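Subject: Structure handover

Hello,

Here is the structure I said I would pass on.

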Amino acid sequence: MIRTVTAAALIALATPAIAGNTLVPAGVPAAVAKSTLTVTPAAEWNRLGARPGRAAETWTLDGDTLNDLTFYGGIETGQPIVREVSRKSKPLPHFSSTMLPTDLPALLEASYRISLDTPLVEIGTVEPTTFAGASGVHFTYSFTNPADDVRRRGEAWAAVIDRRLYMASFEAPALHFFDAGIEGARKVVATAKLVPQGR
Amino acid sequence: MACPDGDPAGIGGMFMTRRLKRPVAAALWVCALGFAAPAMAQEKSATREGFTLPASAKARILLFRPRVRVGSQSTGGMFEPNADWTEQSKRNLVTALGAAQNKLGHTIVTADEPVGPAAATLAAYRALFATVADAVITYQFFPGNRLPTKKRKGAAFAWTLGPGVRDVPGAADADYILFLDTEDQFGSTGRKVAQLFAAGLGVGITSGVHSGFAGLVDARTGDLLWLNADRQMGGDVREAAGAAKRMAQLLEDFPGSVPAVKVAAAGAAK
């Protein structure tokens, strides 16, 4: 009885809230993911009310399943990059500040494999880059979510700054949407910087 | 990663300790209050601004068999496919489509199922169509959840699959492609029981998903010209009558379709 009631409660709680999607205006610096990570988009985006994780925020043009620009703002040691699916039966890997930049693609790969319940996640190229003014890693990836059978391509930039993980990723269906959106996403990510608090 | 929606897979770990009872009870009341508000109005059909299907009946519409997935929905809301139901429903829906086709009022080119790489291309576009249709429901048909950049005049219904649709087998000789997609998840006993308990507490959860998408796509640009989409359609597709009802619902409001009365009258005159 208690389990059924709890199930009902959990299912209800898991139902997406009526999101407060807001406009991200062009040319105005925007702090993202409840952090000091700030970007200045050259074009308008939509900020989704629903967040993939506590320290994450998603921007989109047509919906997060079609173009998804997600920022991760200062994930601390011991935290997963996205919300846990099931802490007990399918725990996600946690970020650690001792991770090397080359460990970060594997962190995303393992997180996706578990949370999407799919082996179809692949990391492509990995190269050093500068992200938010710090040395980091840039990598490409692809995955297929079994929920919709759509193959998606992704590109991510990540750096560990002051023992926290900062990352931005853009992913979209490989058909049409990735090529249509990646340049706009790269332009946004190129403006990323950490703005000291109080400014 | 797309924001999690629907039911998380983690519902399986639904054990409540004594010290959690009060917080859960409080959460239930919060839910009850939240769901007591009237549900948001939902639109179900839209046509791209300025689009009208030529009345001359010269438009060539490429039609593939519908993508059909049928199964059950677990207590936690996970989809569990059922091959027998899917095959049975496919047969029923194809029969219903054959009967409904003559009401579309244009040159319908029924495409054979391709094989090899062409089949993979078609499967990829079918999946992309379903994803786009689902995004339209989430971010367009629920006005309260509409994306701010899509609220403006002129940008009200601008969705596309991209010009790559020309790679779909048979698209080169067509003006339009009509995609049909259905997914039915029949609520399991556990899901129905959970729904009953939740309803008793004033919490609204659904048991079963019966989604259907029908979309007309420009075969050259990939632009979505007309869409009829709903996550709770009628008709049990495992039965012939239900499949006919579903197909009628899918093709309702198809641009340029011949009204049912007219078809019936024409049939009687013969």
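**Helix α5 of chain B**

In chain B, helix α5 covers residues 240-250, and its buried residues are B:Gly242, B:Ala243, B:Arg246, B:Met247 and B:Leu250. Buried means under 20% relative accessible area, exposed means over 50%, and partly exposed lies in between (1.4 Å probe, protein chains only). Helices (H or I, at least four residues) and strands (E, at least two) are DSSP runs, numbered from the N terminus.

Where do the buried residues sit when seen down the axis of α5(B)? They fall within an arc of 135°, so they line one face of the helix. The arc is that of the directions from the helix axis to the C-beta atoms.

B:Thr95 is exposed, with a relative accessible area of 58%. From B:Thr95 to B:Ala244 the distance is 8.2 Å, C-alpha to C-alpha, although the two are 149 residues apart in sequence.

**How to read the model**

This is a predicted model, in which local features need pLDDT of at least 70 and side-chain atom pairs count only at pLDDT 80 or more, while totals for chains, interfaces and linings use all residues. Residues are numbered from 1 along each chain as its sequence is written, chains are lettered from A and ligands numbered from 1 in the order in which they are written, and side-chain values use heavy atoms, with hydrogens and water left out.

**Strands of chain B**

Strand β7 of chain B, residues 209-218, is mostly covered, with 9 of its 10 residues buried. β7(B) runs antiparallel to strand β6 (residues 176-187) of chain B, and 10 bridges join them. Two strands pair if DSSP finds at least two bridges between them. In this pairing, B:Val209 of β7(B) has B:Gln185 opposite.

β7(B) is also joined to strand β8 (residues 224-230) of chain B, by 6 bridges and again antiparallel. Here B:Gly215 has B:Leu227 of β8(B) opposite. β7(B) and β8(B) make a hairpin with 5 residues between them, and B:Gly222 in the turn has a positive phi of about 85°.

**Chain B as a whole**

Chain B contains 6 helices and 8 strands. Of its 270 residues, 47% are buried. Among contacts in chain B with a separation of 6 or more, 75% are between residues 24 or more positions apart.

**Chain A**

Chain A has 3 helices and 11 strands. It has 199 residues, of which 50% count as buried. Among its contacts between residues at least 6 apart in sequence, 45% join residues at least 24 apart.

In what order do the 8 strands of the open sheet in chain A stand? The order is β1-β4-β5-β6-β10-β9-β8-β7, with antiparallel pairing. β1 (22-24) and β7 (121-131) of chain A are at the edges with a single partner strand each, so one side of each has no neighbour in the sheet. Neighbouring strands of this sheet are turned by 25° against each other on average, direction ignored. Axes are lines fitted to C-alpha atoms, for helices over the stretch in contact, and angles run from 0 to 180 degrees between N-to-C directions.

Within chain A, strands β9 (residues 150-161) and β10 (residues 164-173) run antiparallel and are joined by 10 bridges. One bridge pairs A:Ile161 with A:Arg164 in β10(A). Helix α2 (residues 104-115) of chain A lies across β6 (68-75), β7, β8 (134-145), β9 and β10 of that chain, at about 25° to β8(A).

**A:His138**

A:His138 is in strand β8 of chain A. Is A:His138 buried or exposed? It counts as buried, at 10% relative accessibility. Its side chain makes polar contacts with the side chains of A:Glu127 (2.7 Å) and A:Glu155 (3.0 Å). A polar contact is a pair of N or O atoms within 3.5 Å; within protein, one must be able to donate a hydrogen and the other to accept it, and residues adjacent in sequence count only if both atoms are side-chain atoms. Leaving out residues up to four places away in sequence, A:His138 touches residues including A:Thr125, A:Val126 and A:Trp157.

Regards

Methods. Contact = heavy atoms within 4.5 Å.
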